[in-house]
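Please look over the sequence and the model shown below before reading on. The paragraphs that follow lead from pairs of charged side chains to the inside of the chain and then to its surface.

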Amino acid sequence: MCEVWARLVRRVNGAELWQRLQALLLPSRRLLVWSLVLVGAIALLSPVPALALDYNRENLVDADFSGRDLTDSSFTKANLRNANLSHTQLQGVSFFAANLEDANLEAANLTNATLDSARLVEANLKNAILEGAFAFNARFEGAIIDGADFTDVLLREDMQDKLCAVAQGTNPVTGRNTRDTLNCF
């Protein structure tokens with residue numbers, strides 16, 4: 001390669017050399033530019049992985065988290081009264097001892113979430129997916145659970161009985177009947 005370069009330099013003057021170099025490099029530059037454009041487009045169009053966020057002990061009254069991906073985030077002992085969490089990805093989220101009173105969790109995905117000791121009084125859980133959630137000491141009095149999927153959710157027996165008294169509907173995503181997922185008899 002050095003030998004070719006040396007012959008080229010000897011044959012032409014500086015200006016002519018620059019023109020020939022540009023002619024040689026132009027296709028390479030175009031390829032480089034298009035490669036960068038393609039990489040940028042792929043980066044922009046690829047789903048961004050959710051970053052787990054820490055909202056522990058935060059006062060989030062009336063907060064709007066609707067439609068966001070909060071996978072693996074933590075809301076331990078947070079006050080989310082009247083918060084909007086509708087259509088939110090909440091897989092693996094910790095709501096341990098959180099106040100979710102009057103919160104909107106419609107169509108939220110709470111798969112494998114920790115709801116132990118959470119207060120979901122008067123919360124809207126319509127069409128929510130709670131599959132595999134741990135909700136043993138959670139309070140659901142007055143919650144709207146139409147179409148909610150409680151498959152494999154660990155609940156206290158008295159809370160399960162209260163939920164069975166109002167359970168109805170079928171989850172549009174999982175196709176499971178709410179009463180069946182609560183093992184209502």
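The side chains of R176 and E131 meet in a salt bridge, with N and O 3.0 Å apart; the term stands for a side-chain nitrogen of Lys or Arg within 4 Å of a carboxyl oxygen of Asp or Glu. Because R176 lies in the loop between α3 and α4 and E131 in the loop between α2 and α3, the pair ties together parts that are 45 residues apart in sequence. R176 counts as partly exposed at 31% relative accessibility, and E131 counts as partly exposed at 25%, where buried means under 20% relative accessible area, exposed over 50%, and partly exposed in between (1.4 Å probe, protein chains only).

Some words on how to read these values are needed here. This is a predicted model, in which local features need pLDDT of at least 70 and side-chain atom pairs count only at pLDDT 80 or more, while totals for chains, interfaces and linings use all residues. Residues are numbered from 1 along each chain as its sequence is written, and side-chain values use heavy atoms, with hydrogens and water left out.

A search of the whole structure finds eight salt bridges, and one of them joins the side chains of R81 and D102 (3.8 Å, N to O). Both R81 and D102 lie in the loop between α2 and α3, so the pair ties together parts that are 21 residues apart in sequence. R81 and D102 also belong to a network of salt bridges that links R81, E101, D102 and R119. Another salt bridge is formed by D158 with R156, whose closest N and O atoms are 2.7 Å apart.

What is the secondary structure of the protein chain? The chain has four helices and zero strands, and from the N terminus on its elements run α-α-α-α; helices (H or I, at least four residues) and strands (E, at least two) are DSSP runs, numbered from the N terminus. In helix α3, which covers residues 157–166, the buried residues are M159, Q160, L163 and C164. Seen down the axis of α3, these buried residues fall within an arc of 140°, so they line one face of the helix, the arc being that of the directions from the helix axis to the C-beta atoms. The buried residues of α3 pack against α4 (178–181).

Of the 185 residues in the protein chain, 37% are buried. In soluble globular proteins, nonpolar side chains tend to be buried together. Here the largest nonpolar core has 43 residues, of which F75, F95, L120, F140 and F150 touch the most other members; such a core is a set of buried Ala, Val, Leu, Ile, Met, Phe, Trp, Tyr and Cys residues joined through side-chain atoms within 4.5 Å. Leaving aside residues up to four places away in sequence, F150 touches L130, F140, I145, L155, L163, T178, T181 and L182, where contact means heavy atoms within 4.5 Å.

The loop between α2 and α3 also holds G67, which counts as exposed because its relative accessibility is 56%. Although G67 and S86 are 19 residues apart in sequence, they are 6.4 Å apart in space, C-alpha to C-alpha. Apart from residues up to four places away in sequence, G67 touches S86, H87 and T88. H87 lies in the loop between α2 and α3, and its phi is near 55°, a positive value in a residue other than glycine.
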